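Please read it with the sequence and the model side by side.

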Amino acid sequence: MGVTASRAPGGDGATVVTSQKIREGRVDAYKRWQEKTNHVAERFDGFEGAELYPPDSAEENEWVVVFRFAHVEQLTAWLDSGARRDLMDEASLLFEGAPTQEVLAGGAPAPQEQEVVTAVISHSVLPGKERDFVRWQDKVLKAQEKHPGFRGTELFEPVEGIQDKWVVAFRFDTRDHLDDWLASADRERLLEEGNQYFSAYHVRKIGSAFSGWFRFGEGDEAGIPSNWKQAMSVVLALYPTVMVLNLTVGKVFNDWGIPGYLSLFISNVLSVSILTWVLMPLVNSALAFWLLPDRARAARTHVAGALVVMLCWAVFLLIFGLTTA
C-alpha cells in the first residue's frame, strides 16, 4: 500500500467540510434538517455527494458533514446561494455556536484498496509565514511516514473569496493509528515548533467502517453507504461464507488433524478473500438501490432494502438449520 503526499490540487473536484455542535435534545431535529439540506444541495449543478459523520462520543458533540462538487465554482454557487442561507437561518436554534467550514479545492480521492480514516486540520497561518508553514508541513510529513498506518497527506492552500485558512488532510488505516499519531510526542514537538507560523488550528476526524468493501466505481461520486447498511450487508455475505467453509474446508482440516488455531486462521483468510473479491461486489450490485446514498433517498427504500436483507438472513438460517440438524 503506497503512501502519497500532495502539495497542490490533484483534480477539479471541490469539497467543503463543515462541523457543528448540536444543542442537547436537538439531535433528531438536526438529522431531519441535514437530510433536507442534502436534498436541496442535490439540485445544484455539480453536486456529487454528501456524507454525515456523527461524533465518536457525546462528549465530543461535533457532527461533521462533507459535501462534494465537481468544480470549486459549483461549490461556491451552493455556499453562496439563497437556498443555503435560508437553511442555515432555519437551523440556527439547533447549533451551539456558528458552524465552521473548510473548503478543499482539488486533491486526490482517498485510496480505494483499503479502509482509511481521515483527519482534516485547518490552520490560520500568520501573514508572511506561508513559506515557513509549508516547510514545516514537510517536516510533519516525514514524521508521519514513520508512524504505523500512515496512508498519505494533502495540503490545500486558501481558496480566494471563500476562505483564508490552509487545510491539511491526512489519512491513516485505522482510527487507533490516527489517534496514536495525534497524541504522539513527535506531533507535540512539531506543534510547538509550528506555533510560530500559525495562530490557531482545528482538528476534525472523518471515517467509515468497512469502507474498502463499499466502493461503487472510480471515485466517490456515489458516496459510501451508512454504517448500519454496511454492517447488515457484510453479515449477509459473511454468514453463509463462514457456514459453508465450516461444513466443507473445516471438516477437511479436522480429518487432516490441522490444529484449531491454524485452521481458524486459514478459514479467516479464505472468508475475507471470498467476501472482498467475490461476494461483496455481488451484494453491492444487487443492493445498489438501497446502499447508494444518491439512490436511496425515500424512507420506503431504506425500509424495503432492510427487509430484503433480513429476509435473506432468514432464508440462510432456515437452510443451514435444516442441513446441519
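The numbered points below go from the basis of the model to its overall make-up and then to individual sites.

1. Basis of the model. The model is predicted: local features need pLDDT of at least 70, side-chain atom pairs count only at pLDDT 80 or more, and totals for chains, interfaces and linings use all residues. Residues are numbered from 1 along each chain as its sequence is written, and side-chain values use heavy atoms, with hydrogens and water left out.

2. Overall make-up. The protein has eleven helices and nine strands; helices (H or I, at least four residues) and strands (E, at least two) are DSSP runs, numbered from the N terminus. Of its 325 residues, 42% count as buried. Here buried means under 20% relative accessible area, exposed over 50%, and partly exposed in between (1.4 Å probe, protein chains only).

3. Surface and contacts. The accessible surface comes to about 17,100 Å², and 57% of it belongs to carbon and sulfur atoms. Such areas come from the Shrake-Rupley method with a 1.4 Å probe, and for residues only the protein chains shown count as cover. Among contacts with a separation of 6 or more, 73% are accounted for by residues 24 or more positions apart; contact means heavy atoms within 4.5 Å.

4. Packing of α4 and α6. Two packed helices are described by the angle between their axes and the distance between the axes. Helix α4 (residues 130–144) and helix α6 (residues 185–194) pack at an angle of about 180°, and their axes are 11 Å apart. The two helices are therefore roughly antiparallel to each other. From α4, the contact involves W136, K139, V140 and A143; from α6, it involves L190, L191, E193 and G194. Axes are lines fitted to C-alpha atoms, for helices over the stretch in contact, and angles run from 0 to 180 degrees between N-to-C directions. Angles under 35 degrees count as roughly parallel, over 145 as roughly antiparallel, 65 to 115 as roughly perpendicular and the rest as oblique.

5. Which residue forms a salt bridge with K139? The partner is E193, and the closest N and O atoms are 2.8 Å apart. E193 lies in helix α6 and K139 in helix α4, so the pair ties together parts that are 54 residues apart in sequence. E193 is partly exposed, at a relative accessible area of 22%, and K139 is also partly exposed, at 44%. A salt bridge is a side-chain nitrogen of Lys or Arg within 4 Å of a carboxyl oxygen of Asp or Glu.

6. Other salt bridges. How many salt bridges does a search of the whole structure find? The search finds seven. One of them joins the side chains of R135 and D132 (2.4 Å, N to O). These two residues are three apart in helix α4 and so are separated by about one helical turn. R135 is partly exposed at 49% relative accessible area, and D132 is partly exposed at 22%.

7. A buried pair. R151 forms a salt bridge with D173, and the closest N and O atoms are 3.7 Å apart. R151 lies in strand β7 (residues 150–156) and D173 in the loop between β8 (166–172) and α5 (175–182), so the pair ties together parts that are 22 residues apart in sequence. Are R151 and D173 buried or exposed? Both are buried.

8. T15 is found in strand β2 (residues 14–20) and is buried, with a relative accessible area of 14%. Neighbours within four places in sequence aside, T15 is in contact with V66, F67, R68, L75, E102, V103 and L104. G49 belongs to strand β3 (residues 47–53) and is buried at 12% relative accessible area.

9. Strand residue R204. R204 is found in strand β9 (residues 198–207) and counts as buried at 1% relative accessibility. R204 and I121 are 83 residues apart in sequence, yet 6.3 Å apart in space, C-alpha to C-alpha. Beyond neighbours within four places in sequence, the contacts of R204 include V17, S19, E62 and V64.
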